[in-house]
Amino acid sequence: MDGARPSARALDWEVSRLLQDITVASDRYADAAARAEGMHITDLHALSAVVRHDDAQAPLTVTELGRRLDLSPGAATALVDRLEAQGHVTRARDSNDRRRVTLRSTDAAREAGRRLFSPLAIAMLGVSSTFTQDELAVVTRFLDASSDAIATAGPAPRDPRAIPPEPSA
């Protein structure tokens, strides 16, 4: 390149391409982490949601978790049963509403998270340490807005001419 600034359109496409690259790399890392723990990726996503809500003092119910992950009630219950059997979550009665059963992460789940994601956290700290606080503030604002935009956009409707999905066994 001759040092000329790219056009706004070219820069927008480059940002989109880089976000796709990050998504693919992140998915690969998460898939490998889930396999290393003997879990399916959906279980790992569920565990992440439980931990984040636990940390925010806003624990999820099985129903809420199922909605977050787009799972049927039966699939959400089966997923939580697996996580509970593996020692990653417990069910607890809500102290304000004893009819409400919430999900809590265990120390074992947090230890597994540290073991699986510390290498990624260290690598990302190495990257972020090369930016100023002002630059990181802009990146944070951009990523937060991007996350909201992705959630709002949702998937494109399925093209009826597309190859049909494989029948489930």
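## Salt-bridge network

A network of salt bridges links Asp 54, Asp 55, Arg 104 and Arg 110; a salt bridge here is a side-chain nitrogen of Lys or Arg within 4 Å of a carboxyl oxygen of Asp or Glu. The structure is a predicted model, in which local features need pLDDT of at least 70 and side-chain atom pairs count only at pLDDT 80 or more, while totals for chains, interfaces and linings use all residues. Residues are numbered from 1 along each chain as its sequence is written, and side-chain values use heavy atoms, with hydrogens and water left out.

Asp 54 lies in helix H2 and Arg 104 in strand E2 (residues 101–105), so the pair ties together parts that are 50 residues apart in sequence. Helices (H or I, at least four residues) and strands (E, at least two) are DSSP runs, numbered from the N terminus. Asp 54 is buried, at 8% relative accessible area, whereas Arg 104 is partly exposed at 28%. Buried means under 20% relative accessible area, exposed over 50%, and partly exposed in between (1.4 Å probe, protein chains only).

## Other salt bridges

The count by this rule is 13 salt bridges. One of them joins the side chains of Arg 115 and Glu 37, at 2.5 Å from N to O. Arg 115 lies in helix H5 and Glu 37 in the loop between H1 and H2, so this pair ties together parts that are 78 residues apart in sequence. Arg 115 is partly exposed, with 46% relative accessibility.

Arg 17 forms a salt bridge with Asp 21, with 2.6 Å between the closest N and O atoms. The two residues are four apart in helix H1, so about one helical turn separates Arg 17 from Asp 21.

Not counting residues up to four places away in sequence, Val 80 touches Val 62, Leu 65, Val 89, Arg 91 and Leu 103; contact means heavy atoms within 4.5 Å.
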